[in-house]
Amino acid sequence: MAVIPGAPDVLHRPNGSFDGIVTSKPIDEMQIDRMNTPLKRVTREEAENVALGAFSFLTGDEERLSRFLAVSGLRPDTIRSAASSPGFFAGILDYVVSDEPLLIALAKELNTKPEHIMQAHWTLSPSEFE
(Lines give C-alpha, C1' and ligand atoms only; values in the text may rest on other atoms or scores of the structure.)
Protein backbone atom coordinates (compact mmCIF):
# COMPACT_ATOMS: atom_id res chain seq x y z
CA MET A 1 0.00 0.00 0.00
CA ALA A 2 1.41 3.38 -0.98
CA VAL A 3 2.02 5.93 1.75
CA ILE A 4 0.73 9.38 0.97
CA PRO A 5 3.01 12.09 2.35
CA GLY A 6 1.34 14.23 5.00
CA ALA A 7 -1.63 11.88 5.35
CA PRO A 8 -2.79 11.02 8.86
CA ASP A 9 -2.28 7.49 10.08
CA VAL A 10 -5.64 6.11 8.89
CA LEU A 11 -6.74 3.97 6.01
CA HIS A 12 -6.97 5.99 2.82
CA ARG A 13 -8.07 5.25 -0.67
CA PRO A 14 -6.58 7.41 -3.42
CA ASN A 15 -8.93 9.40 -5.57
CA GLY A 16 -7.44 9.80 -9.01
CA SER A 17 -8.35 12.61 -11.34
CA PHE A 18 -7.83 13.23 -15.01
CA ASP A 19 -5.05 15.72 -14.34
CA GLY A 20 -2.98 13.13 -12.51
CA ILE A 21 -3.34 14.71 -9.09
CA VAL A 22 -4.06 12.11 -6.47
CA THR A 23 -5.93 13.08 -3.34
CA SER A 24 -7.10 10.81 -0.62
CA LYS A 25 -10.08 10.48 1.64
CA PRO A 26 -10.48 8.19 4.67
CA ILE A 27 -12.31 5.02 3.70
CA ASP A 28 -14.81 5.46 6.51
CA GLU A 29 -15.89 8.77 4.97
CA MET A 30 -16.38 7.15 1.58
CA GLN A 31 -18.43 4.19 2.63
CA ILE A 32 -21.82 4.12 4.24
CA ASP A 33 -22.49 0.76 5.81
CA ARG A 34 -26.22 0.53 5.22
CA MET A 35 -26.43 -3.09 6.29
CA ASN A 36 -25.51 -2.10 9.84
CA THR A 37 -27.72 0.98 9.94
CA PRO A 38 -30.93 0.02 11.73
CA LEU A 39 -34.20 1.06 10.19
CA LYS A 40 -36.10 3.67 12.13
CA ARG A 41 -39.33 2.52 13.62
CA VAL A 42 -42.53 4.08 12.43
CA THR A 43 -45.68 3.83 14.48
CA ARG A 44 -47.97 0.91 13.91
CA GLU A 45 -50.69 3.27 12.72
CA GLU A 46 -48.34 4.87 10.19
CA ALA A 47 -47.16 1.44 9.02
CA GLU A 48 -50.76 0.30 8.54
CA ASN A 49 -51.45 3.46 6.53
CA VAL A 50 -48.50 2.64 4.29
CA ALA A 51 -49.83 -0.91 3.87
CA LEU A 52 -53.29 0.45 3.07
CA GLY A 53 -51.73 2.71 0.43
CA ALA A 54 -49.88 -0.31 -0.95
CA PHE A 55 -53.08 -2.33 -1.08
CA SER A 56 -54.85 0.51 -2.88
CA PHE A 57 -51.92 0.70 -5.31
CA LEU A 58 -52.12 -3.05 -5.98
CA THR A 59 -55.88 -3.06 -6.49
CA GLY A 60 -55.71 -0.01 -8.77
CA ASP A 61 -54.11 -2.01 -11.56
CA GLU A 62 -55.57 -5.27 -12.85
CA GLU A 63 -52.19 -6.81 -13.69
CA ARG A 64 -50.69 -5.97 -10.28
CA LEU A 65 -53.81 -7.25 -8.52
CA SER A 66 -53.81 -10.51 -10.51
CA ARG A 67 -50.17 -11.15 -9.61
CA PHE A 68 -50.80 -10.33 -5.93
CA LEU A 69 -53.77 -12.71 -5.83
CA ALA A 70 -51.78 -15.46 -7.53
CA VAL A 71 -48.82 -15.11 -5.16
CA SER A 72 -50.88 -14.68 -1.99
CA GLY A 73 -53.38 -17.41 -2.77
CA LEU A 74 -56.25 -15.02 -2.15
CA ARG A 75 -59.30 -14.76 -4.38
CA PRO A 76 -61.41 -11.67 -4.99
CA ASP A 77 -64.15 -13.14 -2.79
CA THR A 78 -61.76 -13.84 0.12
CA ILE A 79 -59.97 -10.48 0.27
CA ARG A 80 -62.54 -8.92 2.59
CA SER A 81 -62.28 -11.67 5.19
CA ALA A 82 -58.47 -11.79 4.83
CA ALA A 83 -58.27 -8.03 5.39
CA SER A 84 -59.68 -8.47 8.88
CA SER A 85 -56.92 -10.89 9.88
CA PRO A 86 -54.07 -9.48 12.00
CA GLY A 87 -51.29 -10.28 9.53
CA PHE A 88 -52.94 -8.88 6.43
CA PHE A 89 -51.09 -5.54 6.37
CA ALA A 90 -47.78 -7.25 7.10
CA GLY A 91 -48.46 -9.68 4.25
CA ILE A 92 -49.08 -6.84 1.81
CA LEU A 93 -45.79 -5.18 2.70
CA ASP A 94 -43.98 -8.55 2.63
CA TYR A 95 -45.22 -8.92 -0.93
CA VAL A 96 -44.26 -5.39 -1.97
CA VAL A 97 -40.74 -5.39 -0.50
CA SER A 98 -39.94 -8.73 -2.12
CA ASP A 99 -40.27 -7.11 -5.57
CA GLU A 100 -37.87 -4.17 -5.95
CA PRO A 101 -39.49 -2.65 -9.09
CA LEU A 102 -42.87 -2.81 -7.34
CA LEU A 103 -41.38 -1.27 -4.19
CA ILE A 104 -39.92 1.62 -6.20
CA ALA A 105 -43.16 2.15 -8.13
CA LEU A 106 -45.13 2.21 -4.88
CA ALA A 107 -42.71 4.67 -3.30
CA LYS A 108 -43.12 6.94 -6.30
CA GLU A 109 -46.92 6.62 -6.13
CA LEU A 110 -46.97 7.38 -2.39
CA ASN A 111 -44.43 10.19 -2.87
CA THR A 112 -42.11 8.66 -0.30
CA LYS A 113 -38.78 6.88 -0.21
CA PRO A 114 -38.54 3.09 -0.50
CA GLU A 115 -36.78 3.18 2.88
CA HIS A 116 -39.97 4.50 4.48
CA ILE A 117 -41.91 1.53 3.12
CA MET A 118 -39.17 -0.77 4.43
CA GLN A 119 -39.49 0.90 7.85
CA ALA A 120 -43.24 0.27 7.81
CA HIS A 121 -42.59 -3.34 6.83
CA TRP A 122 -40.13 -3.69 9.71
CA THR A 123 -42.73 -2.31 12.15
CA LEU A 124 -45.39 -4.79 11.01
CA SER A 125 -42.99 -7.74 10.52
CA PRO A 126 -40.08 -7.29 12.91
CA SER A 127 -37.11 -9.57 12.47
CA GLU A 128 -36.62 -12.39 14.92
CA PHE A 129 -32.99 -11.31 15.07
CA GLU A 130 -33.61 -7.90 16.64
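**Exercise 1.** Is the crossing of α5 and α7 left-handed or right-handed?

*Before the solution.* You are looking at a predicted model, where local features need pLDDT of at least 70, side-chain atom pairs count only at pLDDT 80 or more, and totals for chains, interfaces and linings use all residues. Residues are numbered from 1 along each chain as its sequence is written, and side-chain values use heavy atoms, with hydrogens and water left out.

*Solution.* 
- Step 1: Find helix α5 at residues 88–97 and helix α7 at residues 114–124. Helices are DSSP runs of H or I with at least four residues, strands are runs of E with at least two, and both are numbered from the N terminus.
- Step 2: The two axes come within 9 Å and cross at roughly 140°. Axes are lines fitted to C-alpha atoms, for helices over the stretch in contact, and angles run from 0 to 180 degrees between N-to-C directions.
- Step 3: α5 and α7 are therefore oblique to each other. Angles under 35 degrees count as roughly parallel, over 145 as roughly antiparallel, 65 to 115 as roughly perpendicular, and the rest as oblique.
- Step 4: The crossing is left-handed, a term for a near helix turned anticlockwise from the far one by less than a right angle (clockwise is right-handed).

**Exercise 2.** Which residues of α5 and α7 meet?

*Solution.* 
- Step 1: On the α5 side, look for Phe89, Ala90, Leu93, Asp94 and Val97.
- Step 2: Their partners in α7 are Ile117, Met118, Ala120, His121 and Leu124. Contact means heavy atoms within 4.5 Å.
- Step 3: Sorted by class, this contact has eight nonpolar, one polar and one charged residues. Ala, Val, Leu, Ile, Met, Phe, Trp, Tyr, Cys and Pro count as nonpolar, Asp, Glu, Lys and Arg as charged, and the others, Gly among them, as polar.

**Exercise 3.** At what angle do α2 and α6 pack?

*Solution.* 
- Step 1: The angle is about 105°, with the axes 10 Å apart.
- Step 2: α2 and α6 are therefore roughly perpendicular to each other.
- Step 3: From α2, the contact draws on Val50, Gly53, Ala54, Phe57 and Leu58; from α6, on Leu102, Ala105, Leu106, Glu109 and Leu110.

**Exercise 4.** Is asparagine 111 buried or exposed?

*Solution.* 
- Step 1: Go to the loop between α6 and α7, where asparagine 111 is found.
- Step 2: At 72% relative accessibility, asparagine 111 counts as exposed.
- Step 3: Check its backbone too: asparagine 111 has a positive phi of about 55°, although it is not a glycine.

**Exercise 5.** What pattern does the chain follow along the sequence?

*Solution.* 
- Step 1: The secondary structure comes to seven helices and two strands.
- Step 2: In order, they read β-β-α-α-α-α-α-α-α.

Methods: Buried < 20%, exposed > 50% of the residue type's maximum accessible area, 1.4 Å probe, protein only.
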